[in-house]
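Dear colleague,

Please find below the structure that I am handing over to you, together with its sequence. My notes on what was found follow directly after it.

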Amino acid sequence: MKRLASLRRQAADRQSHCCYYCGLPMWEKEPTAFAKTHRLTRREARLLMCTAEHLHPRSEGGPDTELNIVAACLYCNRQRHAVSRPRPSAEYKQLVADRMRRGRWLAGMLPEMVASGVTRAFTSRDKPR
């Protein structure tokens, strides 16, 4: 498990601590400070906890390697894997982007983040190496 945590930290650093799918900022160690900074409740902030996400799911043989691990918020990670056959990561990222643009994803549920301009457009730096 230490290897996965290390890969998650590396991915979060590469992605400037923003979710691979939705682009929202994530926290790793300070949920209370994060919640205060972004004017969220602790419950809302919990959804933005940084998790390790396998682009190719472990259930389908995806390895714990730098090329297969990205950092994703808890909300996006849970939503992707809430079905028996998760969408491929690129397809899921597009789905999230489409819903974000319409305000029908996590950012739309966190009006304080939208009002303070925390949401951002997707950039190529979010792609894994």
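I begin with Ser 16, which is found in the loop between α1 (2-14) and α2 (31-37). Helices and strands here are DSSP runs (helices H or I, at least four residues; strands E, at least two), numbered from the N terminus. Please note that this is a predicted model, in which local features need pLDDT of at least 70 and side-chain atom pairs count only at pLDDT 80 or more, while totals for chains, interfaces and linings use all residues. Residues are numbered from 1 along each chain as its sequence is written, and side-chain values use heavy atoms, with hydrogens and water left out.

The loop between α1 and α2

Ser 16 has a positive phi of about 55°, although it is not a glycine. His 17, in the loop between α1 and α2, likewise has a positive phi of about 55° and is not a glycine. For background, most residues other than glycine have a negative phi. Ser 16 counts as partly exposed because its relative accessibility is 36%, and His 17 counts as partly exposed at 28%. The classes are buried (under 20% relative accessible area), exposed (over 50%) and partly exposed (in between), with a 1.4 Å probe and protein chains only.

Overall arrangement and confidence

The protein chain contains seven helices and two strands, in the order α-α-α-β-β-α-α-α-α along the sequence. Of its 129 residues, 43% are buried. Among contacts (heavy atoms within 4.5 Å) with a separation of 6 or more, 60% are between residues 24 or more positions apart.

The mean pLDDT (the predictor's confidence in each residue, from 0 to 100) of the protein chain is 86, and 84% of its residues reach 70 or more. Confidence is highest in β2, with a mean of 98, and lowest in helix α7 (residues 111-115), with a mean of 57. Over residues 120-129 the pLDDT is below 50, and this stretch has 25 contacts in the model beyond near neighbours in sequence.

The nonpolar core

A nonpolar core is a set of buried Ala, Val, Leu, Ile, Met, Phe, Trp, Tyr and Cys residues joined through side-chain atoms within 4.5 Å. The largest one has 30 residues, and those that touch the most other members are Tyr 21, Cys 22, Leu 48, Cys 73, Cys 76 and Trp 105. At least two residues of this core come from each of α1, α2, β2 (69-73), α4 (74-80), α5 (89-101) and α6 (106-109).

Helix α5

Helix α5 has 13 residues and reaches 18 Å from its first C-alpha to its last, close to the expected 18 Å; the expected span is 1.5 Å times one less than the number of residues. Its buried residues are Ser 89, Tyr 92, Lys 93, Leu 95, Val 96, Ala 97 and Met 100, and the buried residues of α5 pack against α4 and α6. Ser 89 is buried because its relative accessible area is 14%. Apart from neighbours within four places in sequence, Ser 89 is in contact with Tyr 21, Leu 55 and Arg 80. After α5 comes Gly 103, with a positive phi near 70°.

Aromatic pairs

Rings of Phe, Tyr and Trp (its six-membered ring) pair if their centres lie within 6.5 Å; planes under 30 degrees apart count as stacked, over 60 as edge-to-face and the rest as tilted. There are four such aromatic pairs in the structure. Tyr 21 and Tyr 92 form an edge-to-face pair, 4.8 Å centre to centre with 80° between the planes. This pair links distant parts of the chain, 71 residues apart: Tyr 21 lies in the loop between α1 and α2, and Tyr 92 in helix α5. Both residues, Tyr 21 and Tyr 92, are buried.

The rings of Tyr 92 and Trp 105 have centres 6.1 Å apart and planes at 75°, so this pair is edge-to-face as well. Here Tyr 92 in helix α5 is joined to Trp 105 in the loop between α5 and α6, 13 residues apart. Tyr 92 counts as buried at 3% relative accessibility, and Trp 105 counts as buried at 3%.

Ring pairs link Tyr 20, Tyr 21, Tyr 75, Tyr 92 and Trp 105 into a cluster.

With kind regards
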